[in-house]
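I opened this notebook to record what I looked up in one structure. The entries follow below the display.

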Amino acid sequence: MNHEPYKLIPEVFTAVPSLEGDETELHFVDGFDQLDAIGVMVPSEGDVPASVGLHRETLESAGFDGKPGTTLQLANASGTLVVAVGGGKPGSLDADGWRKAAAALVRATQRHTRLGFELSDTAGIDAEHLGQVLAEGILLARYSYETLKSKSKQKALSEVQFLAPGIDSAAAERGLTVGRVKVRATAIARDLCNAPPSHLTAAGLGEVSQELGKRFGFTVEEFNKEQLIDLRCGGLLGVNAGSAQEPRMIKLSYKPDGSPSGHLGLVGKGIMYDSGGVSLKPSDPMHLLMKMDMGGAAAVLAVFTALRDLGCRAAVTGFLMCTDNMPSGSAYKLGDVLTTRSGLTIEVKNTDAEGRLVMCDALTLAVEDEVDGIVDIATLTGAALMSLGQLTAPVFGNDQGLVDRVLESGGRADEQVWQLPLERAYRPQLDSDVADISNLGGPYAGSTTAALFLAEFVGETPWAHIDIAGTMQSDKDDAWRSKGATGFGTRLLIELALGYSAG
C-alpha cells in the first residue's frame with residue numbers, strides 16, 4: 001500500500017492565474033451587435049439619451065439622479081438589459097470619472113458576458129486617454145481571485161463594445177491597448193497578494209519572477225541565504241532568522257533600446273507573511289491580511305511586466321526583499337543588534353517593525369548601483385492606515401522634485417497619495433544606546449519615524465517612500481477596486497517609470 005504523505009499544496013499552483021484567462025475583447029464600434037446588456041451615460045441634468053427609453057422624471061422616481069457612480073437597471077422588451085450610468089453635470093467627467101463610470105457599469109452587470117457602453121459628451125478628454133481609462137475601469141472592476149475555489153461563480157466577460165460618436169477611434173483603440181497592459185500588471189500584483197502564504201513563499205516568488213522576466217523582457221537575479229550572507233544583508237537575514245523558509249532578494253533589471261532617459265531604482269517590501277515575530281500580532285482580521293505584507297514587492301514586480309510593452313525609455317532596477325517573519329527558537333529578539341550592508345548597526349526594539357529592516361539593505365544596494373532616484377513602496381505602518389484610511393497612501397521623500405513626480409503619477413492613475421512631512425525633529429526617537437539606530441520610534445507619527453529610518457540609508461540620492469499599509473486591500477468592491485488585494489501602486493509606478501528622466 002502506498003503511504004506517501006498527503007500534499008497540502010497542489011502540485012500545480014498558478015501564482016498568477018490572471019495571465020491564463022481568456023482576454024476580454026474591447027473595441028470601439030459604429031453600432032452595437034448581439035449584447036446582453038448596454039450601459040448608457042446619463043447626465044444629472046439636461047436631456048436623457050433616447051436609448052434609455054425613459055423621461056428624467058421617471059428615472060428620478062426610481063431613485064436615479066445621474067450622479068457619478070450611480071446606476072439603474074432597466075428592463076427591456078428586447079431582452080437586452082439597459083443600465084443607466086450616472087455622468088454628473090454635463091462636461092464634468094474627468095479621466096477618473098470615466099474610469100469609475102466604466103467600473104460602475106461592470107458592477108451592475110456581473111451576470112452578463114457581452115456588454116455595450118454608449119458614451120456621450122466625450123469632447124473634454126483625449127481619445128487615447130479615454131480608451132485607456134475605460135479599459136482600466138472595466139477590467140479592474142471585473143477582477144476576482146477564485147483560482148483555489150472548486151467552483152467559480154464568476155462569469156467571464158467576453159466582450160465590451162464602446163459606442164462614442166465622433167471620437168477618433170484609432171486613438172481610442174490605442175488607449176485600450178495601453179489600458180490592457182496596465183490592468184494586466186495590476187492583476188498580477190493582485191494575484192500575488194491574494195495567494196495564500198502556504199502556496200507562495202519567498203523562493204516561490206523568485207520562480208514567478210523568473211517566469212515573468214522571460215515573458216515580458218526583463219532580467220532576474222535571485223540571491224539565496226548564502227549569497228545574502230556574502231552581501232552582508234543583515235536586515236533581511238535578521239528578520240528571516242525565525243523562519244523555516246529561505247529568504248530571497250530578487251533583483252529585476254529593465255533596459256530600453258538606445259540611451260536611457262535616466263536610471264530609476266524601485267524597492268519593494270516582500271514580507272510573504274508577517275506574524276509579527278516574537279512581538280506577535282493579535283489574532284484578528286488584520287492578522288489574516290498579513291499574507292499581503294508583500295504588496296510592495298508584488299507591485300514592483302508587476303511594474304516590470306509593463307515596461308517593454310509600453311516602450312519605457314528609462315532604465316529601471318528593482319529590488320524585492322522577501323521573507324516571512326515568524327516566531328521560533330531561532331527568531332531574532334528584542335535587544336538584538338543587526339549589522340546592515342551599509343555598516344550601520346540597528347537595535348531591534350520591536351520585531352514587528354520588520355519591513356524597514358529588510359528594505360534598508362536594498363536601499364543601500366540601489367545607491368551602490370548609482371541610480372538617479374529611488375522610490376520604495378511598502379505596507380509599512382499601521383499609522384498610515386489610521387491617518388489616511390484605505391483610499392490614500394502617504395508619501396515622504398528627501399527630494400521634492402521626485403515626490404512631485406510620484407504625486408502626479410498617482411493623480412493620473414487614480415491611486416491617491418498625499419505628501420506628509422519628513423519631520424527631522426522626530427529623528428532622535430530612533431536613537432539607540434547600543435547601536436547606530438533603533439528600528440522603532442515613539443508612540444506618535446509612526447509613518448514619519450519609519451520613513452526617517454529608511455532615509456538613513458539613501459544618503460543624498462533622491463528618494464521617495466510610499467506607505468501602502470492602508471491601501472493594499474479593500475474590504476468591499478468599490479469602483480475599480482475589487483474586494484481583496486488592490487494592486488495599489490502598480491499603475492502609479494508604471495506612470496512614474498514611463499515619464500522618468502534624470503535630473
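**Basis.** I worked from a predicted model, in which local features need pLDDT of at least 70, side-chain atom pairs count only at pLDDT 80 or more, and totals for chains, interfaces and linings use all residues. Residues are numbered from 1 along each chain as its sequence is written, and side-chain values use heavy atoms, with hydrogens and water left out.

**Entry 1: strand E2.** I took helices (H or I, at least four residues) and strands (E, at least two) as DSSP runs, numbered from the N terminus. I first looked up burial in E2, residues 37-42, and found six of its six residues buried (under 20% relative accessible area with a 1.4 Å probe, protein chains only; exposed is over 50%, partly exposed in between). Ala37, Gly39 and Met41 lie on one side of E2, and Ile38, Val40 and Val42 on the other; both faces are covered.

I then looked up its partners, where pairing requires at least two DSSP bridges between two strands. E2 runs parallel to E4 (residues 81-86) over six bridges, and Gly39 is placed opposite Val83 in E4. With E5 (residues 114-118), E2 forms four bridges, also in the parallel sense; here Gly39 faces Phe117.

**Entry 2: Val85.** Is Val85 buried or exposed? Val85 is buried, at 0% relative accessibility. I listed its contacts (heavy atoms within 4.5 Å), leaving out residues up to four places away in sequence: among them are Gly39, Val40, Met41 and Val42, as well as Phe64, Ala101, Leu105 and Phe117.

**Entry 3: helices H4 and H9.** I looked up the packing of H4 (residues 169-194) on H9 (residues 295-307): the angle is about 150° and the axes are 8 Å apart. Axes are lines fitted to C-alpha atoms, for helices over the stretch in contact, and angles run from 0 to 180 degrees between N-to-C directions. H4 is therefore roughly antiparallel to H9 (an angle over 145 degrees). Their crossing is right-handed, that is, the near helix is turned clockwise from the far one by less than a right angle.

On the H4 side the contact includes Val181, Arg184 and Ile188, and on the H9 side Gly295, Leu301 and Thr305. I noted 11 nonpolar, two polar and one charged residue in this contact. Ala, Val, Leu, Ile, Met, Phe, Trp, Tyr, Cys and Pro count as nonpolar, Asp, Glu, Lys and Arg as charged, and the others, Gly among them, as polar.

**Entry 4: helices H10 and H13.** The axes of H10 (residues 355-368) and H13 (residues 446-455) come within 9 Å and cross at roughly 30°. I recorded this crossing as right-handed. H10 contributes Arg356, Leu357, Met359, Cys360 and Leu363, and H13 contributes Ala450, Phe453 and Leu454. Seven of these residues are nonpolar, none is polar and one is charged.

**Entry 5: a three-stranded sheet.** I found an open sheet in the order E11-E12-E16, with mixed pairing. Its edge strands are E11 (337-339) and E16 (437-438). E12 (residues 345-347) is joined to E16 in parallel by two bridges, and Ile346 stands opposite Ile437.

**Entry 6: Arg481.** I located Arg481 in the loop between E18 (473-474) and E19 (484-485). Arg481 is buried, at 6% relative accessible area. Beyond four places in sequence, Arg481 touches residues including Arg107, Arg190, Asp414 and Lys476.

Note on methods. Parallel < 35°, antiparallel > 145°, perpendicular 65-115°, else oblique.
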